[in-house]
Amino acid sequence: MALYEDTLLCNFPKCRAKLSGFAWVTACSHIFCDPHGSGEFSRSPAVCPACSSALSGKLDIVRSELSPPEEYKAMVLAGLRPEIVLEISSRALAFWTYQVQQERLHQQYSLSRLEEQLKQTELLCSQRLQGKECEVSGVKGELSALSKLLEEYKRKYSDVSEKLMERNRQHHKLQGLYDSLRLRNMAASSQERERESRERERGSHGYIFSRAVGQPKFHTPQGSRSHCGEGDHKNRHALFYSPPPGGTVPTAAASGFEAEKEGFFQFPSPAREGPHSYYMQKQ
């Protein structure tokens with residue numbers, strides 16, 4: 001880059017703006033923009049904001065126009081000897097070269113700082129990347145373990161499902177057997193109740209006529225066997241009676257209820273003994 005292509009910047013630490021219009025030049029080879037120069041050099045004693053040098057001389061601070069008109073260029077060095085003109089020009093070029101070199105040094109310093117920050121950032125990023133890679137590897141291990149556990153749970157679930165289906169089939173089978181047995185028991189109970197009701201109807205008559213002797217024979221109801229034991233039942237006397245003088249036989253329902261009400265055996269009183277009395281006979 002050629003020297004004339006560079007643009008001078010304000011040497012104020014917090015400004016660093018490109019110079020245009022007017023600028024403040026110091027004897028210590030620093031230059032400042034017009035706003036900062038006016039503010040800093042209005043105080044006494046004047047101090048350079050860049051290097052903190054004291055500027056007490058009359059010409060230590062000069063406010064210069066960076067783009068002077070043609071009249072100024074034609075008259076500023078007019079009448080001076082060539083060696084003076086060359087000395088002024090050499091000092092002006094030295095100031096310019098110093099500013100360019102300082103700017104390049106500043107840029108190099110800034111670049112080195114940025115490179116150092118970049119290295120630190122890269123190191124930090126690499127460390128974080130390694131940590132994230134470790135986390136990713138750990139997560140992958142956990143994922144593989146969870147996948148194995150999921151497969152194990154799926155296998156157990158399939159086994160439990162098969163067992164449950166088998167138990168359901170057994171349950172349905174047992175339920176069918178239970179229903180069939182329950183219906184069978186209900187039918188048997190119904191038949192038993194019908195049989196008992198028929199037996200009760202038969203026992204309610206109480207008397208039947210014997211074909212052998214032509215006389216009615218008394219049969220005890222089924223529920224009246226509790227009045228005597230098994231041996232008494234085998235050795236009990238046969239009970240016969242002759243019809244009353246009127247020739248009528250009591251009805252079955254009335255005789256059955258009378259037998260249950262008054263007892264199995266019924267003996268007449270002495271006053272009623274006669275030709276139609278009860279008598280006992282050994283079997």
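The model is predicted. Its largest pocket has a volume of about 1,300 Å³, and the structure holds two aromatic pairs. Ring pairs join W24, F32 and F41 into a cluster.

**The largest pocket**

- The lining of the largest pocket is made up of 25 residues, and those closest to the pocket centre are V25, S64, I88, A92 and F95.
- Two or more lining residues come from each of these elements: β1 (22-26), β3 (61-65), α2 (70-75) and α3 (82-205).
- Helix α3 gives the largest share of the lining, with eight residues.
- Sorted by class, the lining has 16 nonpolar residues, five polar residues and four charged residues.

**The aromatic pairs**

- A pair of aromatic rings is described by how far apart the centres are and by the angle of the planes.
- W24 and F41 form a tilted pair, with 6.0 Å from centre to centre and 50° between the planes.
- This pair links distant parts of the chain: W24 belongs to strand β1, while F41 is in the loop between α1 (34-40) and β3, and the two are 17 residues apart.
- F32 and F41 form an edge-to-face pair, with 5.7 Å from centre to centre and 70° between the planes.
- F41 has W24 as a partner in the tilted pair and F32 as a partner in the edge-to-face pair.

**Burial of the ring residues**

- Both W24 and F41 are buried.
- F41 has a relative accessibility of 12%, so it counts as buried, the cut-off being under 20%.
- F32 counts as buried because its relative accessibility is 1%.

- T26 is located in strand β1.
- The relative accessible area of T26 is 5%, and therefore this residue is buried.
- Leaving out residues up to four places away in sequence, T26 touches F32, F41, L55 and D60.
- Two of these contacts, F32 and F41, are also members of the ring cluster with W24.

**A charge over a ring**

- R63 lies over the face of F22.
- The distance from R63 to the centre of the F22 ring is 4.1 Å.

Conventions. Residues are numbered from 1 along each chain as its sequence is written. This is a predicted model: local features need pLDDT of at least 70, side-chain atom pairs count only at pLDDT 80 or more; totals for chains, interfaces and linings use all residues. Side-chain values use heavy atoms; hydrogens and water are left out. On a 1 Å grid over the protein atoms alone, a cavity is a set of points where a 1.4 Å probe fits but cannot get out, and a pocket is an open set with protein on both sides within 12 Å along at least five of seven lines; lining residues have an atom within 4 Å of a point. Grid points are joined across faces, edges and corners, and a volume is the space filled by probe spheres set on the points. Helices (H or I, at least four residues) and strands (E, at least two) are DSSP runs, numbered from the N terminus. Ala, Val, Leu, Ile, Met, Phe, Trp, Tyr, Cys and Pro count as nonpolar, Asp, Glu, Lys and Arg as charged, and the others, Gly among them, as polar. Buried means under 20% relative accessible area, exposed over 50%, partly exposed in between (1.4 Å probe, protein chains only). Contact means heavy atoms within 4.5 Å. Rings of Phe, Tyr and Trp (its six-membered ring) pair if their centres lie within 6.5 Å; planes under 30 degrees apart count as stacked, over 60 as edge-to-face and the rest as tilted. A charge sits over a ring if NZ of Lys or CZ of Arg is within 6 Å of the ring centre and within 35 degrees of the ring normal.
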